[in-house]
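Here's a friendly walk through this structure. Have a look at it first, and then we'll go through a few spots together.

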Amino acid sequence: MNFHQPAASLHGLLCPKCQSPDLRTLETRPTASGVKRRRQCETCGHRFTTVEKVRDDR
Ligand SMILES: [Zn+2]
């Protein structure tokens, strides 16, 4: 095992550009398909959006 980013693996989220785990949430918005979050990387300034989907396990 050669993972050196334990904090990121906890959340499973890294900057898609520079793989930094230092992300800032700019906006959280619930939508029909899940929770949309706009994020910005603290390291390189790259902005991107994630969608958190809710699954009904029944
Ligand atoms: Zn970045």
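Setting aside neighbours within four places in sequence, threonine 50 is in contact (heavy atoms within 4.5 Å) with Leu13, Val35, Lys36, Arg37 and Arg39. Before going on, note that this is a predicted model, where local features need pLDDT of at least 70 and side-chain atom pairs count only at pLDDT 80 or more, while totals for chains, interfaces and linings use all residues. Residues are numbered from 1 along each chain as its sequence is written, and side-chain values use heavy atoms, with hydrogens and water left out.

Back to threonine 50: its side chain makes a polar contact with the side chain of arginine 39, at 3.2 Å. (A polar contact is a pair of N or O atoms within 3.5 Å; within protein, one must be able to donate a hydrogen and the other to accept it, and residues adjacent in sequence count only if both atoms are side-chain atoms.) Threonine 28 sits 22 residues away from threonine 50 in sequence and 9.6 Å away in space, C-alpha to C-alpha.

Threonine 50 belongs to strand S3. Strands here are DSSP runs of E with at least two residues, numbered from the N terminus. S3 (residues 47-52) runs antiparallel to S2 (residues 34-41), and six bridges join them; two strands pair if DSSP finds at least two bridges between them.

| Residue | Relative accessibility | Class |
|---|---|---|
| Threonine 50 | 17% | buried |
| Cysteine 15 | 0% | buried |
| Cysteine 18 | 32% | partly exposed |

Both cysteines in the table also hold the zinc ion: its protein donors are Cys15 (SG), Cys18 (SG), Cys41 (SG) and Cys44 (SG), lying 2.3 to 2.4 Å from it. Donors are N, O and S atoms within 2.8 Å of the metal (3.2 Å for Na, K and Ca), and sites may look incomplete because water is not among the atoms. In sequence, the donor residues follow the spacing C-x2-C-x22-C-x2-C.

Definitions and conventions:
Buried < 20%, exposed > 50% of the residue type's maximum accessible area, 1.4 Å probe, protein only. Helix = DSSP H or I, 4+ residues; strand = E, 2+ residues; numbered from the N terminus.
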